[in-house]
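Dear colleague,

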Amino acid sequence: MRNQTCCFTGHRRIPAEDYATISERLEQIIRELYRQGIIYYGAGGALGFDALAADTVLRLRKELPEIRLILVLPCLNQTKGWAQKDVEHYDDIKKRADKVVYTSREYAPGCMHKRNQHLVDYSSVCVAYLTHASGGTAYTVGYAREQGMRVVNVAFSRPSVV
């Protein structure tokens, strides 16, 4: 199953002026990966790129019948402190996902890294939205590279393998 699985990682903030372009690139990459036999897509349930990736997979399910969304969540209370509209969006994605996995029960230091490692450990390709070299996304991309994974970054005009 790992060779049929892609994970997503990305920043929580996507500039409004870049959102449509990033969304279009992401859809093109998912379509291409699907043609290559990637049918499982793992997202971490965070705001920003994770939500965009999950929404894109769910939208493409209408025309790509085998595509599946797997949410890999860091803890049961991930949405603590989120705005109500973001919680509602998260809950909608969770309801529509094909599978939901929790890597920890409660929030604890390191639970986000544990989630990110799980996403990478069960995937063969990583699609990222990476614009700066620090934080959780940079950590996850670095970990994926250490594992020898193919990483595609949608932050650039021609999505690049990092």
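The notes below begin with the basis of the analysis and then turn to the cores.

This is a predicted model, in which local features need pLDDT of at least 70 and side-chain atom pairs count only at pLDDT 80 or more, while totals for chains, interfaces and linings use all residues. Residues are numbered from 1 along each chain as its sequence is written, and side-chain values use heavy atoms, with hydrogens and water left out.

A nonpolar core here is a set of buried Ala, Val, Leu, Ile, Met, Phe, Trp, Tyr and Cys residues joined through side-chain atoms within 4.5 Å; buried means under 20% relative accessible area, with a 1.4 Å probe and protein chains only. The largest such core has 35 residues, and Phe8, Tyr41, Phe49, Leu69 and Val127 have the most contacts inside it. At least two residues each come from E1, H1, E2, H2, E3, H3 and E5 (helices are DSSP runs of H or I with at least four residues, strands runs of E with at least two, numbered from the N terminus). H2 supplies the largest share, 8 residues. A second, separate core of 15 residues includes Cys7, Val72, Leu119 and Ala144.

Thr137 lies in helix H5 (residues 136-146) and is buried at 7% relative accessible area. Beyond its neighbours within four places in sequence, Thr137 is in contact (heavy atoms within 4.5 Å) with Thr9, Gly10, His11, Tyr129 and Leu130.

Ser104, in the loop between strand E4 (99-102) and helix H4 (111-121), also counts as buried, at 16%.

Yours sincerely

Terms used:
Buried means under 20% relative accessible area, exposed over 50%, partly exposed in between (1.4 Å probe, protein chains only).
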